[in-house]
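This report describes the packing of helices, the nonpolar cores and selected residues of one model. The sequence and structure are shown first.

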Amino acid sequence: MFRTCTIALLLSTVAAPVAAQQDLSGVEVRTEQIAPGIAVLFGAGGNIAVSYGSDGTVVIDDQFAPLTTRIQTAIAALGATPTKYLINTHWHYDHSGGNENFGRTGAIIMAQDHVRDRMVAGGTVGGNATPPAPAVALPVITWHNGITVHLNGQRIRTHHMPHAHTDGDSVVWFQDANVFHMGDIYFNGRLPFIDLDSGGDVRGVLAAVEHVLTLANDESVIIPGHGPLARRNDLIAYRDMLREVIGVVEREKAAGKTLEQIIAMHPAARWDTNPNASSMGDAFVTAIYRSFDRPADENTAQEHSHH
């Protein structure tokens, strides 16, 4: 029962800074051990991965600033030292809202290039304004395609997935432990939110999921940005959903149907079953339709012109 309540709470938190105005006082941070020296923390906002051992504690994403103390307590309860390294899967406030607090305690923050750019500039996510981040909250180590960090006996590889949920998403692969943190490229148990304003594109989400499926096997543990832990079969089902709904929208748009006409067909209805999800069927269909308004090669050109 406790697990169900926690997940319901988790899923009710929207993938946007509006959650910053939510009352987070009742949020409990729950810990699940995945592998020796690797755990996942569930609270409000994005799921957190923790790698801990003799080289120091590595944290992937950090939820909202008001939860930092509870997150630090949960990390200490693992027997881990205070956070030394922090990786953001992308720039959204429900995944990087604790950066300032962790930065002030000396954590070295790392992320993809576009994450830093967007945090410096601030912007709007899902209609909610995110102010520019203070310097202490910014990533100090950034990558374009990815890096490998060798800590706690793990090869922790980051892979940039261009124009997916945003333009700065990284999948974090604990290669030796066979664990993946997919950030908001993967919403487990609900439809995804595609942040078009932050350079997101549904085709990039599908490409990223396909890529992880080439690396994962049946023993892999997959941490979604939101929702419970998953296995490869769960990710395959998600991939199939993406393919099917994208295929319908693409086909009907090419046939001349308007967005309103395609929404009226409810192509995502079969998966639109979570009443607390931040992205419902109509919003997802709209994001797919709008993704096709921007040519894929334009995204590629933007990606290459950045460097």
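This is a predicted model: local features need pLDDT of at least 70, side-chain atom pairs count only at pLDDT 80 or more; totals for chains, interfaces and linings use all residues.

Residues are numbered from 1 along each chain as its sequence is written, and side-chain values use heavy atoms, with hydrogens and water left out.

**Helix packing**

Two packed helices are described by the angle between their axes and the distance between the axes. Helix α7 (residues 232-254) packs with α9 at an angle of about 60°, the axes being 10 Å apart. Helices and strands are DSSP runs numbered from the N terminus (H or I, at least four residues, for helices; E, at least two, for strands). Axes are lines fitted to C-alpha atoms, for helices over the stretch in contact, and angles run from 0 to 180 degrees between N-to-C directions. The two helices α7 and α9 are therefore oblique to each other; angles under 35 degrees count as roughly parallel, over 145 as roughly antiparallel, 65 to 115 as roughly perpendicular and the rest as oblique. On the α7 side the contact (heavy atoms within 4.5 Å) is made by Met 241, Leu 242, Val 245, Ile 246, Val 249 and Lys 253, and on the α9 side by Phe 284, Val 285, Ile 288 and Tyr 289.

**Nonpolar cores**

A nonpolar core is a set of buried Ala, Val, Leu, Ile, Met, Phe, Trp, Tyr and Cys residues joined through side-chain atoms within 4.5 Å. The largest one has 45 residues, and those with the most contacts inside it include Met 182, Leu 242 and Phe 284. At least two residues of this core come from each of α5 (113-121), β12, α6 (202-215), α7, α8 and α9. Another core, of 21 residues, lies apart from it and has Leu 24, Ile 75, Phe 102 and Ile 109 among its members.

**Individual residues**

Buried means under 20% relative accessible area, exposed over 50%, and partly exposed in between (1.4 Å probe, protein chains only).

| Residue | Relative accessibility | Class |
|---|---|---|
| Asn 178 | 16% | buried |
| His 266 | 48% | partly exposed |
| Gln 154 | 12% | buried |

Asn 178 sits in the loop between β12 (170-174) and β13 (179-181), and its phi is near 65°, a positive value in a residue other than glycine. His 266 belongs to the loop between α8 (259-265) and α9 (281-291); the phi of His 266 is also positive, near 50°. Gln 154 is placed in strand β11 (residues 154-160).
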